[in-house]
Amino acid sequence: MTKSPVIPGFLPTLGVTLFALSLIVLLPIVALFLRASGLDWHQFLAAAFSPRVLAAYRLSFGGALIAAAINSAAGLVVAWVLVRYDFPFRRLIDALVDLPFALPTAVAGIALTALYAPNGLFGEFLLRFGVTVAFTPLGVIVAMIFIGLPFVVRTVQPVLQDLAPEHEEAALSLGANPWQVFHRIILPAILPALVTGFALAFARGLGEYGSVIFIAGNMPFVSEIAPLLIVTKLEQYDYTGAAAIATVMLLVSFALLLIINSAQKWRQIRLSGG
Amino acid sequence: MVVWSLRPFLILLIFLTVGVGAGSATDLLNVSYDPTREFYQDYNLLFARLWKAQTGEALHIDQSHGGSGKQARSVIDGLEADVVTLALAYDIDAIAQQAGLLPADWQSRLPNNSSPYVSTIVFLVRKGNPKQIKDWDDLARPGVRVITPNPKTSGGARWNYLAAWAYADAHFNHDPAKIKGFLTALFKNVPVLDSGARGATTSFVQRGLGDVLVAWENEAFLAVEQLGKGQFEIVLPSLSILAEPPVAVIDKVVDRHHSRKEAEAYLQILYSPEAQELAAQHYYRPSDPAVADRYRDRFPAMPMTTIADLGGWQKMQHVHFADGALFDQVMGAVR
């Protein structure tokens, strides 16, 4: 059995993997670094770390982190409801979760803007409490939450499905309170999936352009995301400046994803060791 | 995350789309900017009919629209445009300088700085003009909300900004500190900086944002006569700018496609009375005096400065729009 697996052996699969990764992932990144390397150190600092660019990083990274955190909590609840309860239209709601994947991002952006604009359905209501969402940093976070939610739900859902309710029942019968059950039984089991979902939602929010751009307001220093600054530089034929900002975003997000992944590894080792 | 290295991707895209049709002399690609969509749809039909009558050759014209700067960048990156019809000369200059696809003196090849139709910058206000907006200084008043796109990304917004600057320059007697103060007060009143002219129109018309939209005259007419009949009024400021959207044949591309004859005729016929009439119907100011005369009521004469008066696009780019130049300083002060 093991001698003839369904998928061809190690060498062909590794070959295909490396080829596909190089063509689709590595090549554009190399092109990006080559572009940015056209700048000397001072020009690079000026292009990638001017006050306006720093403000945009703050909004992009901060907004994506907040949105991913909210998505982790909300996504967990959605996954829980879909796995643990049977109710009318459950399958329909299950399918709805994927909609942000399928919807063209510009459509999502325009729809969100129409809803949250001061003359929109939600916007008009929120305005009564003095809250404006569209054309503020808050709008950026709303768009990032919208596009990030399915990542958390879809990573946590299968793990919850495998988690037998008997474990919780056993804990409860041994006298654990609901918080202890969640904290000691459920959370450890789903944490790796939840962290992966968080990381995916974060990365997606960070790179998102289409849906955010319509609702953001795009004011420099206030509601301007880093991807917009990259596009702005390109509109000015400043390819190297755009590549400089892109390089910083790429390196920082790669570092963050690496930290998240290694934290997970470390935890697994600790768990299996202790 | 999205990797912002567009060139390999673009080349692939072009290979897949345009590359298929390249080489056929009876195909023309017109790469244009955003609000010309409707005009060129009509003009392409007119031109194909005239060309067929004149030469017997059936001609197929494709058109591509988007932000002017973005379109120019696509051509630089290899989009096989036979002709470009963009929002400002600076973008065609960039194609000449960065990719060498046409000579630097391209703008002198056709009449009127290669601009067959022109426009200007006007104000669009809500019905009855509740905030009593009459001129540029009203836009800098506290409590007035102004919608204008980002001049860094939008060709139309550059015309808006330069018209405001020209007014301030005349009004404050060339005093740089006062001009900057005026622009700062004006941009303090801007709640949303859309990336393109069409986006700004949407913010003002559909989202109900702002008291005044600074816009292309043709875009303002579109809002008044089609998007929201009876909801808006056009206000002409005391001074504006002659907005010249130029056209050019991309020499290197037409030589490769053997389509020079067709491409040159396509642009020359833009100056014909029939095409001029069509442009006027689409709210562009015609350059043909006889046609302009017929549309005098729609396009009243008004004082306008020109980009040549101001010193040309290269200078304007350097003084106003480059990173760290006046517009960036104004936005820094707004904060």
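What percentage of the 274 residues in chain A do buried residues make up? Buried residues account for 36% of chain A, where a residue is called buried if 20 or more other C-beta atoms lie within 10 Å of its own, exposed if 12 or fewer do, and partly exposed in between, with C-beta atoms placed from the backbone. The model is predicted, and local features need pLDDT of at least 70, side-chain atom pairs count only at pLDDT 80 or more, and totals for chains, interfaces and linings use all residues. Residues are numbered from 1 along each chain as its sequence is written, while chains are lettered from A and ligands numbered from 1 in the order in which they are written.

Along the principal axes, the C-alpha atoms of chain A fill a box of roughly 65 × 60 × 35 Å. Of the contacts in chain A with a separation of 6 or more, 76% are between residues 24 or more positions apart; two residues are in contact if their C-beta atoms, placed from the backbone, lie within 7 Å.

Chain A is divided into domain 1 (1-36) and domain 2 (48-273), with bounds that come from an automatic or database domain assignment. Taken over C-alpha atoms, the centres of domain 1 and domain 2 of chain A are separated by 28 Å. Contact between them involves four residues of domain 1 of chain A and seven residues of domain 2 of chain A. The domain 1 side of this contact has three nonpolar, no polar and one charged residues, where Ala, Val, Leu, Ile, Met, Phe, Trp, Tyr, Cys and Pro count as nonpolar, Asp, Glu, Lys and Arg as charged, and the others, Gly among them, as polar.

A:Phe89 has a positive phi, near 65°, and is not a glycine. A:Phe89 lies in the loop between helix H3 (51-84) and helix H4 (90-96) of chain A, and is exposed, with 9 other C-beta atoms within 10 Å. For A:Phe135, also a residue other than glycine, phi is positive at about 70°. A:Phe135 is placed in the loop between helix H7 (121-127) and helix H8 (137-162) of chain A, and counts as buried, with 28 C-beta neighbours inside 10 Å.

Turning to the interface, 25 residues of chain B are in contact with 34 residues of chain A. On the chain B side, helix H1 (6-16), helix H4 (68-76) and helix H5 (89-99) are the elements that give two or more residues. H4(B) gives the most, with three residues. By class, the chain B side has 10 nonpolar, eight polar and seven charged residues.

Within chain B, the axes of helix H8 (residues 155-171) and helix H9 (residues 176-188) come within 9 Å and cross at roughly 140°. H8(B) and H9(B) are therefore oblique to each other. In this pair, B:Ala164, B:Trp165, B:Ala168 and B:Asp169 of H8(B) meet B:Ile179, B:Phe182, B:Leu183 and B:Leu186 of H9(B). The contact has seven nonpolar, no polar and one charged residues.

Key
Axes are lines fitted to C-alpha atoms, for helices over the stretch in contact, and angles run from 0 to 180 degrees between N-to-C directions. Helices (H or I, at least four residues) and strands (E, at least two) are DSSP runs, numbered from the N terminus. Angles under 35 degrees count as roughly parallel, over 145 as roughly antiparallel, 65 to 115 as roughly perpendicular and the rest as oblique.
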